[in-house]
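Here are my notes on the model, as numbered points.

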Amino acid sequence: MNTPKLGSHVGMHGKDMFLGSVKEALSYEADTFMLYTGAPQNTRRKELSQLRIPEAQALMKESGIQEFVVHAPYIINLANTVKAETFQLAVDFLATEIQRTIAMGSHVLILHPGSHVGAGTKQGIRQIITGLNAVLTADLPCTVALETMAGKGSEIGRSFEELAEIYDGVIHSDKLRVCFDTCHVNDAGYDIVRDFDAVIEHFHRLLGKEQIAAFHINDSKNEKGAAKDRHANIGQGTIGLPALHAIVHHPDFIDIPKILETPYLPSAEDPKQSLPPYREEITLLRSPL
């Protein structure tokens with residue numbers, strides 16, 4: 001029986017850099033993981049030569065981790081039509097992040113589609129398409145996975161239809177994929193608790209379920225349709241363990257990386273210290289219900 005690929009967001013810092021990321025993933029008994037190539041809220045990046053890429057890749061090979069995914073920083077907003085310099089920064093930095101993703105050995109860069117900041121969804125989608133057409137090429141050995149969004153503020157990507165519209169406008173749309181975030185989809189109004197298969201059927205009609213390159217597995221602090229995007233720990237939110245367990249073990253997606261982004265929890269010994277829950281949550285999701 002196949003087992004799902006499960007991992008979490010991991011850090012990359014200190015002297016070990018990318019090597020430390022792999023070590024952290026292994027400490028959670030993960031077989032995949034997700035990282036940022038630098039701080040998600042700024043453009044400061046260490047040179048690739050400082051990331052210890054060969055050692056990290058060697059440890060991955062030795063440990064049986066075959067793939068990982070990269071998350072683009074939050075500051076990239078391809079949907080911005082209000083400030084030309086913000087849009088240009090987004091395009092340029094996305095191109096840089098794609099090259100860093102490739103250099104590190106991943107084939108998937110997850111991207112928040114963007115926020116239209118008041119200009120309207122249609123205009124924002126057109127701008128996202130313009131930005132993606134500026135960076136995606138036919139020979140790119142990496143795909144950009146548009147993340148499903150909760151619908152907070154002026155976010156684009158709150159519906160599968162909005163993602164399909166982006167696909168329709170992108171010249172090299174074969175270089176696009178989707179990252180399916182369970183908290184975001186729930187908060188956007190899709191009933192993944194009672195009828196995940198119907199949600200996937202809807203997605204498949206619009207985009208094709210083979211377009212899902214990664215899942216973010218998060219419970220939600222909010223009711224379905226709240227459009228708020230507040231992650232909860234596995235089994236402690238409105239989605240619940242049974243629904244998330246079923247998604248993780250769904251036969252159509254067994255080989256797709258599933259990444260936990262759940263909140264850190266207070267330490268039992270020192271409530272002021274927060275600890276990652278990932279080893280326990282990965283074990284919980286792998287175990288039979």
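1. A salt bridge here is a side-chain nitrogen of Lys or Arg within 4 Å of a carboxyl oxygen of Asp or Glu. Glutamate 67 and lysine 5 form one, with the closest N and O atoms 2.4 Å apart. The pair links distant parts of the chain, 62 residues apart. Glutamate 67 sits in the loop between helix H2 (53–63) and strand S3 (69–71). Lysine 5 belongs to the segment before strand S1 (6–9). Keep in mind that this is a predicted model.

2. Buried or exposed: how do the two partners count? Lysine 5 has 17% relative accessibility, so lysine 5 counts as buried. The cut-off for buried is under 20%. Glutamate 67 has 27% and therefore counts as partly exposed.

3. How many salt bridges does the structure hold? The total is 12. The next points take up some of the others.

4. Arginine 205 and glutamate 201 meet through their side chains in a salt bridge, 3.8 Å from N to O. Both residues are in helix H7. They are 4 residues apart, so about one helical turn separates them. Arginine 205 is exposed, with a relative accessible area of 58%. Glutamate 201 is partly exposed at 39% relative accessibility.

5. Lysine 209 and aspartate 252 form a salt bridge at 2.8 Å, N to O. Lysine 209 lies in the loop between H7 and strand S7 (212–217). Aspartate 252 lies in the loop between helix H8 (241–248) and strand S10 (258–260). The pair therefore ties together parts that are 43 residues apart in sequence. Lysine 209 is partly exposed, with a relative accessible area of 29%. Aspartate 252 is partly exposed too, at 43% relative accessibility.

6. Salt bridges can also share partners. Asp16, Lys23, Arg52 and Glu55 are joined into one network this way.

7. Now helix packing. The axes of helix H3 (residues 84–104) and H4 come within 10 Å and cross at roughly 40°. Angles under 35 degrees count as roughly parallel. The H3 and H4 pair is therefore oblique. The crossing of H3 past H4 is right-handed.

8. Which residues of H3 and H4 meet? H3 brings Phe87, Val91, Leu94, Ala95 and Ile98. H4 brings Gln127, Thr130, Gly131, Leu132, Ala134 and Val135. By class, this contact has 8 nonpolar, 3 polar and no charged residues.

9. H5 and H7 also pack together. Their axes come within 10 Å and cross at roughly 20°. The two helices are therefore roughly parallel to each other. Their crossing is right-handed.

10. Phe160, Glu161 and Ala164 of H5 make the contact with Val199, His202, Phe203 and Leu206 of H7. The classes are 5 nonpolar, 1 polar and 1 charged.

11. Which residues of helix H5 (residues 160–169) are buried? They are Phe160, Glu162, Leu163, Ala164, Ile166 and Tyr167. Phe160 and Ala164 are buried, and Phe160 and Ala164 also take part in the contact with H7.

12. What covers the buried residues of H5? The cover includes helix H4 (121–135), helix H6 (182–188) and helix H7 (196–206). Strand S5 (143–147) and strand S6 (176–181) are also part of the cover.

Technical notes
Residues are numbered from 1 along each chain as its sequence is written. This is a predicted model: local features need pLDDT of at least 70, side-chain atom pairs count only at pLDDT 80 or more; totals for chains, interfaces and linings use all residues. Side-chain values use heavy atoms; hydrogens and water are left out. Buried means under 20% relative accessible area, exposed over 50%, partly exposed in between (1.4 Å probe, protein chains only). Contact means heavy atoms within 4.5 Å. Axes are lines fitted to C-alpha atoms, for helices over the stretch in contact, and angles run from 0 to 180 degrees between N-to-C directions. Angles under 35 degrees count as roughly parallel, over 145 as roughly antiparallel, 65 to 115 as roughly perpendicular and the rest as oblique. A crossing is left-handed if the near helix is turned anticlockwise from the far one by less than a right angle, and right-handed if clockwise. Ala, Val, Leu, Ile, Met, Phe, Trp, Tyr, Cys and Pro count as nonpolar, Asp, Glu, Lys and Arg as charged, and the others, Gly among them, as polar.
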